[in-house]
Amino acid sequence: MPELSMNNPVFATYMIAAAVMILKIMGQGWMTVYRMLKSDSGLASPEDLQVGIINKNPDASQLELNDYVDRSRRIHRNDLENIPAFLVCGLLFVMTGPELMYASIMLYGFAATRLIHTIAYFTAQTHEVRATFYTVGSVIVMVMAVQVIMFSIDYL
Amino acid sequence: MPELSMNNPVFATYMIAAAVMILKIMGQGWMTVYRMLKSDSGLASPEDLQVGIINKNPDASQLELNDYVDRSRRIHRNDLENIPAFLVCGLLFVMTGPELMYASIMLYGFAATRLIHTIAYFTAQTHEVRATFYTVGSVIVMVMAVQVIMFSIDYL
Amino acid sequence: MPELSMNNPVFATYMIAAAVMILKIMGQGWMTVYRMLKSDSGLASPEDLQVGIINKNPDASQLELNDYVDRSRRIHRNDLENIPAFLVCGLLFVMTGPELMYASIMLYGFAATRLIHTIAYFTAQTHEVRATFYTVGSVIVMVMAVQVIMFSIDYL
(Lines give C-alpha, C1' and ligand atoms only; values in the text may rest on other atoms or scores of the structure.)
Protein backbone atom coordinates (compact mmCIF):
# COMPACT_ATOMS: atom_id res chain seq x y z
CA MET A 1 0.00 0.00 0.00
CA PRO A 2 1.40 3.44 -0.98
CA GLU A 3 2.54 5.56 1.90
CA LEU A 4 3.89 8.97 2.86
CA SER A 5 7.41 7.69 3.49
CA MET A 6 10.82 8.46 2.04
CA ASN A 7 11.00 4.79 1.02
CA ASN A 8 8.41 5.64 -1.61
CA PRO A 9 10.20 7.35 -4.55
CA VAL A 10 6.90 8.89 -5.69
CA PHE A 11 6.76 10.68 -2.34
CA ALA A 12 10.37 11.89 -2.72
CA THR A 13 9.41 13.20 -6.18
CA TYR A 14 6.44 15.01 -4.69
CA MET A 15 8.66 16.49 -1.94
CA ILE A 16 10.92 18.06 -4.57
CA ALA A 17 8.16 19.35 -6.86
CA ALA A 18 6.28 20.76 -3.86
CA ALA A 19 9.37 22.44 -2.37
CA VAL A 20 10.18 24.05 -5.74
CA MET A 21 6.63 25.41 -5.92
CA ILE A 22 6.91 26.73 -2.35
CA LEU A 23 10.09 28.57 -3.36
CA LYS A 24 8.16 29.88 -6.39
CA ILE A 25 5.42 31.39 -4.18
CA MET A 26 7.86 32.90 -1.71
CA GLY A 27 10.13 34.16 -4.51
CA GLN A 28 7.21 35.99 -6.10
CA GLY A 29 6.87 38.04 -2.92
CA TRP A 30 10.52 39.01 -3.31
CA MET A 31 10.01 40.00 -6.95
CA THR A 32 7.29 42.39 -5.74
CA VAL A 33 9.63 43.80 -3.07
CA TYR A 34 12.42 44.22 -5.64
CA ARG A 35 10.15 46.00 -8.15
CA MET A 36 8.66 48.20 -5.41
CA LEU A 37 12.12 49.29 -4.24
CA LYS A 38 13.51 49.70 -7.76
CA SER A 39 10.61 51.80 -9.06
CA ASP A 40 9.99 53.53 -5.73
CA SER A 41 6.25 52.96 -6.24
CA GLY A 42 3.39 50.50 -5.86
CA LEU A 43 3.21 50.88 -2.08
CA ALA A 44 0.26 49.28 -0.33
CA SER A 45 -0.55 51.36 2.75
CA PRO A 46 -0.88 55.07 3.63
CA GLU A 47 1.74 54.74 6.40
CA ASP A 48 4.31 53.67 3.78
CA LEU A 49 4.54 57.37 2.84
CA GLN A 50 6.78 58.04 5.85
CA VAL A 51 10.45 58.81 5.34
CA GLY A 52 12.56 55.75 6.10
CA ILE A 53 15.13 53.31 4.71
CA ILE A 54 12.59 51.90 2.23
CA ASN A 55 11.17 55.26 1.15
CA LYS A 56 13.58 58.21 1.11
CA ASN A 57 11.40 60.69 -0.82
CA PRO A 58 7.74 59.97 -0.08
CA ASP A 59 5.13 61.19 -2.54
CA ALA A 60 1.38 60.46 -2.64
CA SER A 61 1.65 59.05 -6.19
CA GLN A 62 3.57 56.08 -4.75
CA LEU A 63 0.26 54.61 -3.60
CA GLU A 64 -1.15 54.59 -7.14
CA LEU A 65 -1.35 51.40 -9.16
CA ASN A 66 1.85 50.83 -11.12
CA ASP A 67 1.88 48.08 -13.75
CA TYR A 68 5.55 47.21 -13.12
CA VAL A 69 4.82 46.35 -9.47
CA ASP A 70 1.22 45.24 -9.92
CA ARG A 71 2.29 42.73 -12.58
CA SER A 72 4.28 40.89 -9.92
CA ARG A 73 1.24 40.98 -7.60
CA ARG A 74 -0.96 39.57 -10.39
CA ILE A 75 1.52 36.73 -10.98
CA HIS A 76 1.47 36.12 -7.23
CA ARG A 77 -2.32 36.03 -7.20
CA ASN A 78 -2.34 33.59 -10.10
CA ASP A 79 0.13 31.42 -8.15
CA LEU A 80 -2.14 31.48 -5.09
CA GLU A 81 -5.08 30.38 -7.23
CA ASN A 82 -3.15 27.32 -8.37
CA ILE A 83 -0.17 26.30 -6.22
CA PRO A 84 -1.69 25.71 -2.74
CA ALA A 85 -4.31 23.41 -4.32
CA PHE A 86 -1.49 21.58 -6.13
CA LEU A 87 0.57 21.22 -2.95
CA VAL A 88 -2.22 19.33 -1.19
CA CYS A 89 -3.49 17.53 -4.29
CA GLY A 90 -0.02 16.16 -5.03
CA LEU A 91 0.24 14.74 -1.52
CA LEU A 92 -3.12 12.97 -1.84
CA PHE A 93 -2.17 11.77 -5.31
CA VAL A 94 0.90 10.02 -3.81
CA MET A 95 -1.54 7.98 -1.69
CA THR A 96 -3.17 6.58 -4.84
CA GLY A 97 0.07 4.73 -5.65
CA PRO A 98 0.78 6.05 -9.17
CA GLU A 99 3.62 4.72 -11.31
CA LEU A 100 6.82 6.72 -10.76
CA MET A 101 7.10 7.78 -14.41
CA TYR A 102 3.48 8.96 -14.59
CA ALA A 103 3.74 10.73 -11.23
CA SER A 104 6.95 12.49 -12.30
CA ILE A 105 5.28 13.77 -15.47
CA MET A 106 2.31 15.11 -13.50
CA LEU A 107 4.26 16.63 -10.59
CA TYR A 108 7.25 18.08 -12.47
CA GLY A 109 4.91 18.94 -15.37
CA PHE A 110 2.81 21.15 -13.10
CA ALA A 111 5.92 22.81 -11.67
CA ALA A 112 7.25 23.48 -15.18
CA THR A 113 3.98 25.06 -16.38
CA ARG A 114 3.96 27.45 -13.41
CA LEU A 115 7.55 28.51 -13.94
CA ILE A 116 6.94 29.08 -17.67
CA HIS A 117 3.65 30.88 -16.89
CA THR A 118 5.57 33.34 -14.71
CA ILE A 119 8.18 33.96 -17.39
CA ALA A 120 5.41 34.50 -19.96
CA TYR A 121 3.64 36.89 -17.59
CA PHE A 122 6.58 39.01 -16.57
CA THR A 123 7.83 39.33 -20.15
CA ALA A 124 4.26 40.33 -21.11
CA GLN A 125 3.68 37.60 -23.71
CA THR A 126 0.23 37.43 -25.33
CA HIS A 127 -2.78 36.25 -23.34
CA GLU A 128 -2.79 33.07 -25.47
CA VAL A 129 0.71 32.04 -24.29
CA ARG A 130 -0.15 32.66 -20.63
CA ALA A 131 -3.49 30.88 -21.01
CA THR A 132 -1.83 27.79 -22.51
CA PHE A 133 0.49 27.19 -19.56
CA TYR A 134 -2.25 28.05 -17.07
CA THR A 135 -4.48 25.47 -18.76
CA VAL A 136 -1.96 22.64 -18.71
CA GLY A 137 -1.17 23.21 -15.02
CA SER A 138 -4.83 23.50 -14.08
CA VAL A 139 -5.76 20.31 -15.97
CA ILE A 140 -2.96 18.37 -14.24
CA VAL A 141 -4.33 19.32 -10.81
CA MET A 142 -7.90 18.47 -11.80
CA VAL A 143 -6.90 15.08 -13.24
CA MET A 144 -5.03 14.24 -10.02
CA ALA A 145 -8.04 15.34 -7.92
CA VAL A 146 -10.42 13.12 -9.91
CA GLN A 147 -8.03 10.18 -9.50
CA VAL A 148 -7.93 10.79 -5.73
CA ILE A 149 -11.73 10.65 -5.57
CA MET A 150 -12.01 7.50 -7.72
CA PHE A 151 -9.34 5.75 -5.67
CA SER A 152 -10.61 6.79 -2.23
CA ILE A 153 -14.24 5.80 -2.78
CA ASP A 154 -13.25 2.13 -2.47
CA TYR A 155 -11.87 2.73 1.03
CA LEU A 156 -14.95 4.31 2.60
CA MET B 1 -3.10 5.33 16.84
CA PRO B 2 -4.73 7.20 13.93
CA GLU B 3 -2.68 7.39 10.79
CA LEU B 4 -2.54 8.81 7.30
CA SER B 5 -3.30 5.50 5.63
CA MET B 6 -6.04 4.26 3.33
CA ASN B 7 -6.86 1.66 6.02
CA ASN B 8 -8.25 4.57 8.04
CA PRO B 9 -11.76 5.38 6.68
CA VAL B 10 -11.55 8.87 8.22
CA PHE B 11 -8.52 9.49 5.99
CA ALA B 12 -10.41 8.21 2.92
CA THR B 13 -13.26 10.59 3.83
CA TYR B 14 -10.78 13.45 4.08
CA MET B 15 -9.25 12.51 0.70
CA ILE B 16 -12.65 12.85 -0.97
CA ALA B 17 -13.70 16.09 0.74
CA ALA B 18 -10.27 17.62 0.03
CA ALA B 19 -10.26 16.55 -3.62
CA VAL B 20 -13.76 18.01 -4.12
CA MET B 21 -12.56 21.31 -2.64
CA ILE B 22 -9.47 21.25 -4.90
CA LEU B 23 -11.78 20.84 -7.90
CA LYS B 24 -13.83 23.75 -6.50
CA ILE B 25 -10.82 26.07 -6.43
CA MET B 26 -9.62 25.06 -9.89
CA GLY B 27 -13.16 25.20 -11.30
CA GLN B 28 -13.53 28.78 -10.07
CA GLY B 29 -10.61 29.76 -12.28
CA TRP B 30 -12.48 28.27 -15.21
CA MET B 31 -15.65 30.17 -14.33
CA THR B 32 -13.59 33.37 -14.56
CA VAL B 33 -12.17 32.30 -17.94
CA TYR B 34 -15.68 31.45 -19.21
CA ARG B 35 -17.13 34.78 -18.07
CA MET B 36 -14.15 36.70 -19.47
CA LEU B 37 -14.55 35.05 -22.88
CA LYS B 38 -18.35 35.29 -22.91
CA SER B 39 -18.47 38.97 -21.96
CA ASP B 40 -15.28 39.86 -23.83
CA SER B 41 -14.20 41.92 -20.81
CA GLY B 42 -12.56 41.84 -17.39
CA LEU B 43 -9.06 41.35 -18.79
CA ALA B 44 -6.19 41.61 -16.32
CA SER B 45 -3.15 42.91 -18.23
CA PRO B 46 -2.42 45.66 -20.81
CA GLU B 47 -0.92 43.10 -23.23
CA ASP B 48 -4.30 41.31 -23.34
CA LEU B 49 -5.44 44.11 -25.67
CA GLN B 50 -3.63 42.47 -28.59
CA VAL B 51 -5.61 40.85 -31.40
CA GLY B 52 -5.61 37.07 -30.94
CA ILE B 53 -7.81 33.98 -30.56
CA ILE B 54 -8.97 35.13 -27.11
CA ASN B 55 -9.55 38.77 -28.07
CA LYS B 56 -10.73 39.42 -31.64
CA ASN B 57 -11.73 43.09 -31.22
CA PRO B 58 -9.53 44.70 -28.56
CA ASP B 59 -10.81 47.83 -26.86
CA ALA B 60 -9.35 49.69 -23.85
CA SER B 61 -12.62 49.31 -21.90
CA GLN B 62 -11.92 45.56 -21.64
CA LEU B 63 -9.45 46.31 -18.84
CA GLU B 64 -12.12 48.03 -16.73
CA LEU B 65 -13.72 46.29 -13.78
CA ASN B 66 -16.78 44.31 -14.86
CA ASP B 67 -19.03 42.88 -12.16
CA TYR B 68 -19.89 39.77 -14.20
CA VAL B 69 -16.21 38.74 -14.34
CA ASP B 70 -15.11 40.31 -11.06
CA ARG B 71 -17.84 38.40 -9.20
CA SER B 72 -16.11 35.16 -10.15
CA ARG B 73 -12.77 36.61 -8.98
CA ARG B 74 -14.35 37.62 -5.66
CA ILE B 75 -15.73 34.09 -5.18
CA HIS B 76 -12.25 32.79 -5.99
CA ARG B 77 -10.69 35.11 -3.43
CA ASN B 78 -13.20 34.00 -0.81
CA ASP B 79 -12.28 30.38 -1.64
CA LEU B 80 -8.58 31.13 -1.19
CA GLU B 81 -9.29 32.69 2.21
CA ASN B 82 -10.94 29.46 3.37
CA ILE B 83 -10.12 26.33 1.36
CA PRO B 84 -6.29 26.03 1.61
CA ALA B 85 -6.54 26.36 5.42
CA PHE B 86 -9.24 23.67 5.39
CA LEU B 87 -7.15 21.34 3.21
CA VAL B 88 -4.31 21.29 5.73
CA CYS B 89 -6.53 21.50 8.82
CA GLY B 90 -8.54 18.47 7.68
CA LEU B 91 -5.36 16.43 7.30
CA LEU B 92 -4.19 17.31 10.83
CA PHE B 93 -7.69 16.64 12.15
CA VAL B 94 -7.47 13.06 10.80
CA MET B 95 -4.44 12.58 13.09
CA THR B 96 -6.58 13.33 16.15
CA GLY B 97 -8.52 10.10 15.50
CA PRO B 98 -12.09 11.46 15.33
CA GLU B 99 -15.13 9.17 15.07
CA LEU B 100 -16.03 8.51 11.41
CA MET B 101 -19.54 9.99 11.74
CA TYR B 102 -18.30 13.18 13.38
CA ALA B 103 -15.43 13.53 10.91
CA SER B 104 -17.80 13.06 7.97
CA ILE B 105 -20.08 15.82 9.27
CA MET B 106 -17.16 18.22 9.68
CA LEU B 107 -15.38 17.43 6.39
CA TYR B 108 -18.37 17.04 4.08
CA GLY B 109 -20.12 19.83 6.01
CA PHE B 110 -17.34 22.27 5.16
CA ALA B 111 -17.38 21.18 1.51
CA ALA B 112 -21.15 21.66 1.35
CA THR B 113 -21.01 25.17 2.83
CA ARG B 114 -18.42 26.25 0.27
CA LEU B 115 -20.43 24.90 -2.65
CA ILE B 116 -23.62 26.59 -1.38
CA HIS B 117 -21.68 29.82 -0.68
CA THR B 118 -20.60 29.90 -4.33
CA ILE B 119 -24.13 29.33 -5.58
CA ALA B 120 -25.38 32.10 -3.25
CA TYR B 121 -22.63 34.40 -4.49
CA PHE B 122 -23.03 33.88 -8.19
CA THR B 123 -26.82 34.17 -8.04
CA ALA B 124 -26.31 37.40 -6.01
CA GLN B 125 -28.29 36.35 -2.93
CA THR B 126 -28.36 38.79 0.01
CA HIS B 127 -25.27 39.35 2.13
CA GLU B 128 -27.02 37.51 4.99
CA VAL B 129 -27.30 34.26 2.97
CA ARG B 130 -23.66 34.40 1.90
CA ALA B 131 -22.54 35.29 5.43
CA THR B 132 -24.41 32.32 6.91
CA PHE B 133 -22.62 29.72 4.78
CA TYR B 134 -19.29 31.49 5.19
CA THR B 135 -19.78 31.39 8.96
CA VAL B 136 -20.59 27.69 9.18
CA GLY B 137 -17.58 26.75 7.04
CA SER B 138 -15.25 29.06 8.96
CA VAL B 139 -16.41 27.74 12.35
CA ILE B 140 -15.87 24.13 11.21
CA VAL B 141 -12.23 24.88 10.34
CA MET B 142 -11.65 26.75 13.61
CA VAL B 143 -13.18 23.95 15.71
CA MET B 144 -10.95 21.39 13.96
CA ALA B 145 -7.88 23.61 14.51
CA VAL B 146 -8.61 23.95 18.23
CA GLN B 147 -9.05 20.17 18.50
CA VAL B 148 -5.68 19.67 16.76
CA ILE B 149 -3.98 21.92 19.32
CA MET B 150 -5.67 20.29 22.34
CA PHE B 151 -4.78 16.83 21.05
CA SER B 152 -1.19 17.58 20.05
CA ILE B 153 -0.16 19.27 23.30
CA ASP B 154 -0.07 15.86 25.02
CA TYR B 155 2.53 14.60 22.53
CA LEU B 156 5.13 17.35 22.98
CA MET C 1 13.25 7.23 9.68
CA PRO C 2 11.17 10.34 10.49
CA GLU C 3 7.46 9.93 10.07
CA LEU C 4 4.14 11.71 10.17
CA SER C 5 3.09 10.17 13.45
CA MET C 6 2.19 11.51 16.88
CA ASN C 7 5.11 9.49 18.26
CA ASN C 8 7.36 12.02 16.56
CA PRO C 9 7.50 15.15 18.78
CA VAL C 10 8.62 17.24 15.79
CA PHE C 11 5.33 16.31 14.12
CA ALA C 12 3.36 17.28 17.24
CA THR C 13 5.21 20.62 17.24
CA TYR C 14 4.27 21.11 13.59
CA MET C 15 0.63 20.24 14.35
CA ILE C 16 0.47 23.05 16.93
CA ALA C 17 2.27 25.68 14.86
CA ALA C 18 0.16 24.81 11.81
CA ALA C 19 -3.13 24.88 13.73
CA VAL C 20 -2.25 28.29 15.22
CA MET C 21 -1.56 29.61 11.71
CA ILE C 22 -4.87 28.16 10.47
CA LEU C 23 -6.65 30.03 13.28
CA LYS C 24 -4.70 33.14 12.22
CA ILE C 25 -5.99 32.92 8.63
CA MET C 26 -9.58 32.25 9.68
CA GLY C 27 -9.44 34.92 12.38
CA GLN C 28 -8.35 37.51 9.82
CA GLY C 29 -11.62 36.90 7.96
CA TRP C 30 -13.46 37.68 11.18
CA MET C 31 -11.47 40.87 11.70
CA THR C 32 -12.69 41.98 8.27
CA VAL C 33 -16.28 41.10 9.17
CA TYR C 34 -15.97 42.99 12.48
CA ARG C 35 -14.54 46.11 10.83
CA MET C 36 -17.14 45.98 8.03
CA LEU C 37 -19.99 45.80 10.55
CA LYS C 38 -18.49 48.40 12.90
CA SER C 39 -17.79 50.97 10.19
CA ASP C 40 -20.82 50.04 8.09
CA SER C 41 -18.62 50.18 5.00
CA GLY C 42 -16.17 48.25 2.83
CA LEU C 43 -18.84 46.02 1.30
CA ALA C 44 -17.78 43.81 -1.59
CA SER C 45 -20.80 43.31 -3.85
CA PRO C 46 -23.60 45.48 -5.30
CA GLU C 47 -26.28 43.23 -3.77
CA ASP C 48 -24.92 44.07 -0.29
CA LEU C 49 -26.72 47.41 -0.64
CA GLN C 50 -30.04 45.76 0.24
CA VAL C 51 -31.69 46.47 3.57
CA GLY C 52 -31.11 43.58 5.96
CA ILE C 53 -29.70 42.58 9.35
CA ILE C 54 -26.14 43.34 8.19
CA ASN C 55 -26.98 46.62 6.47
CA LYS C 56 -29.77 48.70 8.01
CA ASN C 57 -29.18 51.94 6.06
CA PRO C 58 -27.74 51.10 2.63
CA ASP C 59 -25.82 53.82 0.81
CA ALA C 60 -23.78 53.55 -2.42
CA SER C 61 -20.64 54.88 -0.67
CA GLN C 62 -20.49 51.63 1.32
CA LEU C 63 -18.99 49.95 -1.75
CA GLU C 64 -16.07 52.39 -1.85
CA LEU C 65 -12.62 51.41 -0.60
CA ASN C 66 -12.27 52.16 3.10
CA ASP C 67 -8.82 51.88 4.66
CA TYR C 68 -10.16 50.60 7.99
CA VAL C 69 -11.73 47.54 6.32
CA ASP C 70 -9.27 47.24 3.44
CA ARG C 71 -6.35 47.12 5.91
CA SER C 72 -7.75 43.86 7.26
CA ARG C 73 -8.11 42.53 3.70
CA ARG C 74 -4.49 43.49 2.95
CA ILE C 75 -3.31 41.65 6.08
CA HIS C 76 -5.39 38.68 4.92
CA ARG C 77 -3.80 38.80 1.47
CA ASN C 78 -0.33 38.95 3.00
CA ASP C 79 -1.26 35.90 5.11
CA LEU C 80 -2.40 34.01 2.01
CA GLU C 81 0.91 34.80 0.30
CA ASN C 82 2.82 33.20 3.16
CA ILE C 83 0.83 30.83 5.39
CA PRO C 84 -0.48 28.14 2.98
CA ALA C 85 3.08 27.64 1.65
CA PHE C 86 4.30 27.37 5.26
CA LEU C 87 1.59 24.85 6.17
CA VAL C 88 2.74 22.42 3.49
CA CYS C 89 6.46 23.24 3.78
CA GLY C 90 6.39 22.56 7.53
CA LEU C 91 4.86 19.13 6.93
CA LEU C 92 7.56 18.21 4.38
CA PHE C 93 10.23 19.61 6.71
CA VAL C 94 9.09 17.14 9.42
CA MET C 95 9.98 14.33 6.96
CA THR C 96 13.61 15.51 6.86
CA GLY C 97 13.99 14.51 10.52
CA PRO C 98 15.18 17.82 12.03
CA GLU C 99 16.30 18.12 15.67
CA LEU C 100 13.36 19.06 17.92
CA MET C 101 15.01 22.27 19.15
CA TYR C 102 15.84 23.46 15.62
CA ALA C 103 12.39 22.49 14.32
CA SER C 104 10.69 24.34 17.18
CA ILE C 105 12.65 27.52 16.42
CA MET C 106 11.70 27.34 12.73
CA LEU C 107 8.03 26.40 13.19
CA TYR C 108 7.17 28.56 16.20
CA GLY C 109 9.47 31.28 14.83
CA PHE C 110 7.43 31.51 11.64
CA ALA C 111 4.18 31.59 13.60
CA ALA C 112 5.53 34.37 15.83
CA THR C 113 6.64 36.53 12.87
CA ARG C 114 3.18 36.30 11.30
CA LEU C 115 1.41 37.25 14.51
CA ILE C 116 3.78 40.21 15.05
CA HIS C 117 3.44 41.19 11.37
CA THR C 118 -0.32 41.43 11.81
CA ILE C 119 0.00 43.56 14.96
CA ALA C 120 2.48 45.84 13.14
CA TYR C 121 0.11 46.09 10.17
CA PHE C 122 -3.09 46.82 12.02
CA THR C 123 -1.44 49.39 14.28
CA ALA C 124 0.02 50.98 11.11
CA GLN C 125 3.70 50.74 12.08
CA THR C 126 6.27 51.87 9.51
CA HIS C 127 6.92 49.85 6.38
CA GLU C 128 10.34 48.93 7.82
CA VAL C 129 8.81 47.19 10.86
CA ARG C 130 6.33 45.23 8.72
CA ALA C 131 9.06 44.34 6.21
CA THR C 132 11.33 42.99 8.96
CA PHE C 133 8.83 40.44 10.23
CA TYR C 134 7.73 39.53 6.71
CA THR C 135 11.39 38.89 5.83
CA VAL C 136 12.13 36.62 8.79
CA GLY C 137 9.02 34.52 8.14
CA SER C 138 9.69 34.30 4.42
CA VAL C 139 13.33 33.27 4.93
CA ILE C 140 12.28 30.52 7.39
CA VAL C 141 9.96 28.99 4.76
CA MET C 142 12.60 29.22 2.04
CA VAL C 143 15.30 27.63 4.23
CA MET C 144 12.95 24.75 5.06
CA ALA C 145 12.07 24.32 1.36
CA VAL C 146 15.76 24.14 0.37
CA GLN C 147 16.38 21.56 3.12
CA VAL C 148 13.46 19.48 1.81
CA ILE C 149 14.98 19.46 -1.68
CA MET C 150 18.51 18.61 -0.49
CA PHE C 151 17.16 15.80 1.69
CA SER C 152 14.75 14.32 -0.87
CA ILE C 153 17.19 14.15 -3.76
CA ASP C 154 18.92 11.17 -2.10
CA TYR C 155 15.67 9.19 -2.15
CA LEU C 156 14.89 9.47 -5.85
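What share of the interface residues of chain B are also interface residues in chain C? Only 14% are, so the copies meet through different surfaces. Interface here rests on contact, which needs C-beta atoms, placed from the backbone, within 7 Å.

This is a predicted model, in which local features need pLDDT of at least 70, side-chain atom pairs count only at pLDDT 80 or more, and totals for chains, interfaces and linings use all residues. Residues are numbered from 1 along each chain as its sequence is written, while chains are lettered from A and ligands numbered from 1 in the order in which they are written. The model scores ipTM 0.96 and pTM 0.97. For chain A the average pLDDT is 96, and 100% of the residues score at least 70. pLDDT is the predictor's confidence in each residue, on a scale from 0 to 100.

Start with the symmetry. Turn chain A by 120 degrees, shift it 0.0 Å along the axis, and it lies on chain B with an RMSD of 0.0 Å. That is the relation of a three-fold axis. In chain A, the C-alpha nearest this axis belongs to A:Pro84, 3.7 Å away. Chain B superposes on chain C by a rotation of 120 degrees with 0.0 Å of shift along its axis, again at an RMSD of 0.0 Å. Here B:Pro84 is the residue of chain B that comes closest to the rotation axis, its C-alpha at 3.7 Å.

Now look at how the chains touch. Chain A gives 28 residues to its contact with chain B, and chain B gives 30. On the chain A side, helix 2 and helix 4 (127-153) each supply at least two residues. Helix 4 of chain A gives the most, with eleven residues. Helices are DSSP runs of H or I, at least four residues long, numbered from the N terminus. By class, this side of chain A has 19 nonpolar, four polar and five charged residues. Ala, Val, Leu, Ile, Met, Phe, Trp, Tyr, Cys and Pro count as nonpolar; Asp, Glu, Lys and Arg count as charged; the others, Gly among them, are polar. For chain A too, only 14% of the interface residues are also interface residues in chain B, so the copies meet through different surfaces.

Move on to chains B and C. This contact takes 28 residues from chain B and 30 from chain C. Helix 2 (67-94) and helix 4 (127-153) of chain B each supply at least two residues of the side that touches chain C. Helix 4 of chain B gives the most to that side, with eleven residues. The side divides into 19 nonpolar, four polar and five charged residues.

Next, go inside a chain. Two packed helices are described by the angle between their axes and the distance between the axes. In chain A, the axes of helix 2 (residues 67-94) and helix 3 (residues 100-122) come within 10 Å and cross at roughly 175 degrees. That makes helix 2 of chain A roughly antiparallel to helix 3 of chain A (an angle over 145 degrees). Axes are lines fitted to C-alpha atoms over the stretch in contact, and angles run from 0 to 180 degrees between N-to-C directions. From helix 2 of chain A, the residues that meet helix 3 include A:Arg71, A:Asp79 and A:Phe86. Among their partners in helix 3 of chain A are A:Phe110, A:Arg114 and A:Tyr121. The residues of this contact divide into seven nonpolar, three polar and three charged.

Finish with helix 1 (residues 9-39) of chain C. At 1.5 Å a residue, its 31 residues should span 45 Å, and its end C-alpha atoms are 45 Å apart, which agrees. The expected span is 1.5 Å times one less than the number of residues. Just after helix 1 of chain C, C:Asp40 takes a positive phi of about 55 degrees.

Notes
Angles under 35 degrees count as roughly parallel, over 145 as roughly antiparallel, 65 to 115 as roughly perpendicular and the rest as oblique. Two residues are in contact if their C-beta atoms, placed from the backbone, lie within 7 Å. Copies are superposed by least squares on the C-alpha atoms of residues with pLDDT of at least 70 in both.
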